[in-house]
Every structure is written in structure tokens, then in C-alpha cells.
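Subject: The structure we talked about

Hi there,

Here is the structure I promised to pass on. Have a look at it first, and then read my notes below.

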Amino acid sequence: GGGSRCSSCFMMIPRTAAASTSPNSSTTSLTRRTRSGGARTKSFAICIIMFMVGLVYTLMQITIFSKTARNNMMIMSRPAASIGAVVDDAGTSSSSLDNNTTATIAGATTSTSIDHTTSNIDCCSNCATSAGASPHDGSAKHDSKSIATTSGDKNNNNDHDEDDFALAHHQSFGFFHDVSSEHWKIYQSIVQGYSKHMYPHRPLTQLPSHVTAWFQENYDPNFSCAFERRIGGTGNGDGPKWVCDIHRLPILAKARQGRGRRSSNNMTREEIDPIRMDHQNSTVTTAASSNGTVTPGCVIYSVGSNGEFSFEIGIQNAVGGAGVCEIHIFDPGNFGPKMPKELEATYHRWGISNETKNMTSDTVYKTAKNQGSVFLSFEDTIKALGHEHLEMIDIFKIDCEGCEWDVYEHWLKPSIPMIQQILVEVHNAPMDKAVSFFDRLMEEGYVIFHKEPNIQYNPSCVEYAFLKLHKDFFL
């Protein structure tokens, strides 16, 4: 480089010439070399300083990240009642926070004091103990809102529960006695946001040529029963029906004893509320009412047996055995002799039609015996059985191979006892009746809690399950 050539030139100068060189020239050369070395030293120092600053900053970030991650893992892994302690695999507790450390969890700041001499952790008085739990039982809630709402629940639990269940109890005619208002309002919001049709302005789209597509696009369930069951046989195959919370029927049956057809809205809580009922000895289903008549506590109508009784046997077993509910079976065929001995039910040899003949019970049985096949309207059937004053028919199951489109209006007449559950298999979807059938039931306060096409034999036949609710539910 240039420096080497300068040195060579300097070395080639004779000694005398060099000696006679001006002192100023020698000084200037030395000064230049000194300045050049100082600049390089300063640049190097600046580089070292910047490197150190960057290194320190990086180490600080790593330290902060590690500490945050460690604290988050400790919070997630520690038991609920052990703020500031982590339980290791051996089951012992080790301190993860200093004494009197303030830990903020779920928006609530809680001071903890840890005794290092033992594995127990002493929490402050407004922590687990305020929720009625031991500080060491792992059930404490650190959310301040949870603590506030749970305090005092031990003393007021019964009154609070009764009030909390009142809304569902009233709007289900006493059927749901243990559903909280919070959950019941969720049911209401689902129904309020429900759409009956995929094409609301064209509800008959797909009919008449694509019946199964029409069922797929219209009238899906808008309600759910927490303990619905498929009743009949093993619960599999063609024949069983979905029933809403059948475990409630024995309790309701006893609650209704001797009340006749009084409205549940006019009854006291003690009369209808299953919560206050003695759940034992609930197999008696009839009792004398105030007018001297006998009132069943639970009534099941099953229309269309075709000699198959697995559904009725399933109902009888599900409610606790024979005698809990009155079971009435209707079919124009002579299948009565085939009814299993273990089934305690009454077989009526007539079908259901939309014609009212005002026949008495004696006339019906005589006609059935002489002609072998009789059809009565639903209203005549109620009269023939003396059920005009029933409080309600708990389950009405009907499979009449298409008659449902013609007779459903009879189920809803004011003279008919209220039907709590309607389990119906609809066959095909007549364009002039299908929409009005479903809309009419919904207008009467029925929600759909199950829908099941018969994919084994005929998908155009669909099982529907309806549940009756009070008009206030839909407000």
C-alpha cells in the first residue's frame, strides 16, 4: 500500500540528506501516523461499546422472557388453593414465590404468605375460606366474582334454588323442576333465533319430487332434552321412539294424584313441585278426586302397534314398572291376544280417524267385536275412555301410516286434555298439508326436540318428537 512505498522512499535517502532534513518535516510525518492510529483506536472502541450494549440488551430480553414463561407455567400447573406453590411429581409442595408475594390471577390480587418449614400454605382469609372451603382442599376459586357469589350460599342455597327453578317449572307446566333460569333463558334464545326453513320465502322448495331433501331443509329441532332416551327394545333399529326425560314421569304421576283436571297454573307449589315430593312409593297412579272420579297420575297413548309392543314395554320399564302410568294401545287389528303378559296396558281395537261419531265406550267395543275394525276420532276416543277431565296426556305416540296429516287438528282441540309430548312418524310430505301441520303445532306451543329419518326402510318417513311449553316461553 501507500505506507510501504513511503517507507521505502525514506530508506533510500542518504544519511546526510536525511540528517539535514528539516525537523518540521519529521514532526509532520509522526503527527500524521499518530492521528491515523488514534482514529483506528476510537473506531474500535466504539464498535466494542455497541457490541456490549447489544449483548446486554439481548440478555435482558432473554431474562424477561424466561421469567415470564416460568411464572405462567407455574400458575397453570399449581393447584387452585396453592398460590405461590408448585406441587412436584412426588406430591410435595415447593415454594415458587417469595414470602408476602402478591400474585394476580384471573383479575383478583391475592397476597400469600408461605411457610417454608412445612408443605402447607397459609392463604389469606378472603381466599378459599370465604368460599366455604378449606384453604388446603384445592377447591378455592381465585376469581373475585366467584368468591363473591359463592359466599353465603350454604345458608341461602335452598331458597335460591327454588326461585331459580321457578321459570322453567312454570313454562313447562311443571315438567322441568330442576333447570336453572340461566339455562332456561338459553333455551328461549335458541327458539327465538330459530328458522323453520332453509328458504323462508319458498318453504315448499323440493316438493313434491324430492321429499327427503325437503325434510333435510325444513323443521329441524329447536329444543333439546338433557336426558332424552330412545325407548323400545334395545333402543336400536326401527320401532323405538325418542322420549324427553322420561325419568320425570313417576315423580309427576305422584304429584298429580287426586287433582282431576285442574290447571297446573292454579296449583300450589306443594301440590305440583316434584322437588318437595317424597320420591318413594310413587307406583300408585290413580286416586279419588274431589268429584269422586278416579284420576290417573300418568297417561300414555300409543296409536298403531301393528302387534309390536316393545315401545310400551320400554315405557313401563323406564318409569319404574307396571302401575306407574296408565298405558292405552290403539290399533284396528286384532293384536290384543299377542300382548305380552308382563305388559300392564289396555288394548283398544280401534284406529284414529278425523270423523267424529259421538260413540260411547260400550258402542265402540260392541262395534269392534262385531265388525273387527273401527275408527274413531281422537275426541271420541277421549270420551270413550272417560278422560275428558285428565290434567294431561303425558305421551302421545302415533304411527298411523299417513293419517297424521288428517287428524292432527283433533289433537289440539280445546276439549282435549293437553298433550305434553307428541311422538309421531310422518309419512312423505303432502304439499297442501306438510307446512300447515308443523306450523300449527308450533302455534300451539310445541317445540321440536328430536328428528330422525327412517334411513333403514324409507327416508321419506321421519320420526318427530314435540314437547309442549307455556306461551310465556315464546315471549
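Glu379 is buried, at 16% relative accessibility (buried means under 20% relative accessible area, exposed over 50%, and partly exposed in between, using a 1.4 Å probe and protein chains only). Its salt-bridge partner is Lys413, with the closest N and O atoms 3.3 Å apart (a salt bridge is a side-chain nitrogen of Lys or Arg within 4 Å of a carboxyl oxygen of Asp or Glu). Glu379 belongs to helix α12 (residues 378-384) and Lys413 to the loop between α13 (404-411) and β16 (418-427), so this pair ties together parts that are 34 residues apart in sequence. Lys413 counts as partly exposed, at 29%. Helices (H or I, at least four residues) and strands (E, at least two) are DSSP runs, numbered from the N terminus.

Before going further, please keep in mind that this is a predicted model: local features need pLDDT of at least 70, side-chain atom pairs count only at pLDDT 80 or more, and totals for chains, interfaces and linings use all residues. Residues are numbered from 1 along each chain as its sequence is written, and side-chain values use heavy atoms, with hydrogens and water left out.

Back to the salt bridges: a search of the whole structure finds 12. One of them joins Asp220 and Lys451, with the closest N and O atoms 2.7 Å apart. Asp220 sits in the loop between α7 (211-217) and β6 (229-231), and Lys451 in strand β17 (residues 446-454), so the pair ties together parts that are 231 residues apart in sequence. Here Asp220 is partly exposed at 35%, while Lys451 is buried at 18%.

Another bridge, between Lys433 and Asp406, has its closest N and O atoms 2.6 Å apart. Lys433 is in the loop between β16 and α14 (434-443) and Asp406 is in helix α13, so parts 27 residues apart in sequence are tied together. Lys433 is partly exposed, at 28%, and Asp406 is partly exposed too, at 38%.

Next, please look at His387, in the loop between α12 and β15 (392-398). His387 is buried, with a relative accessible area of 6%. Its side chain makes a polar contact of 2.6 Å with that of Tyr301 (a polar contact is a pair of N or O atoms within 3.5 Å; within protein, one must be able to donate a hydrogen and the other to accept it, and residues adjacent in sequence count only if both atoms are side-chain atoms).

Then there are the aromatic rings. How many aromatic pairs are there? The count comes to 27, where rings of Phe, Tyr and Trp (its six-membered ring) pair if their centres lie within 6.5 Å, and planes under 30 degrees apart count as stacked, over 60 as edge-to-face and the rest as tilted. Among them, Phe175 and Phe176 have ring centres 5.0 Å apart and planes at 85 degrees, so they are edge-to-face. Both Phe175 and Phe176 are buried. For Trp214 and Phe438, the centres are 6.3 Å apart and the planes at 45 degrees, so that pair is tilted. Trp214 in helix α7 and Phe438 in helix α14 are 224 residues apart, and their pair links distant parts of the chain. Trp214 is buried at 0%, and Phe438 is buried at 0% as well.

Happy browsing!
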